[in-house]
Amino acid sequence: MNGFLILDKPEGLTSAQCVYKLRSKLGIKKIGHCGTLDPLATGLLPVCIGEATKFSNFATDLDKVYEVGVEFGIETDTGDITGNIVSKANFTGFKEDFSQFLTDLEGIQNQIPPMYSAIKINGNPLYYWARKGVYLHRMPRKVDIQKIELIDKSINTAILKVSCSKGTYIRSLIEKLGRNLNSFATVISLRRLEVGDMHLNQKSCSFEDSYQSLIDKVLPCDAMLSDLEKVKIKKEDVKKVRNGLSIDYNALLKIKGLVRIYTEKELFLGIGEVSDNKLQPKRLISTN
C-alpha cells in the first residue's frame, strides 16, 4: 500500500499518536505524518504510507489554511487555552478598524517560535525546556502570512481564517494580534482546513472508518506534488532514470528545478531535478 491519507485529526491526540493508531489499524509499519498538529488542533493531517514517505518533506513545505478561535484579554504560557494564564488585560471590544489590524499582520515577516514547540535545541524539543522552566534564545524564522479573514466574533472572542506559509506558528501570530490591540489574546481552537491543494472534503478519513474504507481513501503518491512541473520521459529513458542515471531532456529548456517524472503511459516514477538540459532523478518509487 502506497500513497497519502487525509486524516481529520481529532482533538486531544498528538500527531504521533494518530500515526500509531493508523499503523495498528492498517497493519502497516512504514507510515508517518506530514506536518505536526498540536494536541489541541483538529483537521487535516496528511499521512504518508509506504513509498509515499519518500515525499513527506514536500508535503510539509506546502502552504496551509487554518480556522482559529481566539479569546481576547488573556495570554497563556503555551499560547493556547491549554496553558496557564500569565497575563490579563481589559478588552474593550472590537474597534471599527479591526480589519486593518488583521491586514497589518499580513505579509512576509520574521516570527520567533514559541517555547512550547517541537523545534529541537541541545538535543531536546523546546517544550521540554519550557516545562523545566528554562527559556532559551530562539532564532526568528521568515514566514508569509498571506491572508487573515474575520469569520465571526462575539464580545471577547473571534474566529479567523488564516492562510500562511510553512513554519507559521498561529499561537505566536494571535499573541501579536492581542498586543497590537493593546490587550492580550490566546488560541482557544485550531482547525487545519487545507495543505497545498488538499482539502478536508477531499476523501478525508477518521479513526471511525473501517479498514476497507481507509484503503479506498488512499490517494496516489503524487497527490501532494501538484505544485511541481510535470514531465514525461520516453520508454528508452525510463530504465536509465530508474537506475539513477541522468538523461538529456532538451524539451525542458524553460524548466529548472524539481519536477515530477512520468512515463508516456502516465505512470509516476518519482521526483527529479532539471539543470543544464539534464534530468537527474532524486527520489523514485521502488519497483520491487
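This is a predicted model: local features need pLDDT of at least 70, side-chain atom pairs count only at pLDDT 80 or more; totals for chains, interfaces and linings use all residues.
Figure 1. Cys205 is buried, with a relative accessible area of 2%. The closest cysteine sulfur to that of Cys205 belongs to Cys18 and lies 10.0 Å away, which is too far for a bond.

**Figure 2. Cys48 and its nearest cysteine sulfur, that of Cys34.** The search of the whole structure finds zero disulfides. Cys48 is accordingly in no disulfide, and the sulfur of Cys34 is 3.9 Å away. A disulfide is counted when the two cysteine sulfur atoms are within 2.5 Å. Cys48 is buried, with a relative accessible area of 2%.

**Figure 3. The aromatic pair of Phe72 and Phe94.** Eight aromatic pairs are found across the whole structure. In the pair formed by Phe72 and Phe94, the arrangement is edge-to-face, with 5.5 Å centre to centre and 90° between the planes. This pair links distant parts of the chain, 22 residues apart: Phe72 belongs to strand S4 (residues 64-72), whereas Phe94 lies in the loop between strand S6 (85-88) and helix H3 (98-104). Phe72 and Phe94 are both buried.

**Figure 4. The aromatic cluster containing Phe94 and Phe98.** Phe94 also forms an edge-to-face pair with Phe98, at 4.9 Å centre to centre and with 85° between the planes. Phe94 and Phe98 are both buried. Together with Phe72 and Phe91, these two residues make up one aromatic cluster.

**Figure 5. Lysine charges over the aromatic rings of Phe207 and Tyr262.** The charged end of Lys21 sits over the ring of Phe207, at 5.1 Å from the ring centre.

Technical notes. Residues are numbered from 1 along each chain as its sequence is written. Side-chain values use heavy atoms; hydrogens and water are left out. Rings of Phe, Tyr and Trp (its six-membered ring) pair if their centres lie within 6.5 Å; planes under 30 degrees apart count as stacked, over 60 as edge-to-face and the rest as tilted. Helices (H or I, at least four residues) and strands (E, at least two) are DSSP runs, numbered from the N terminus. Buried means under 20% relative accessible area, exposed over 50%, partly exposed in between (1.4 Å probe, protein chains only). A charge sits over a ring if NZ of Lys or CZ of Arg is within 6 Å of the ring centre and within 35 degrees of the ring normal.
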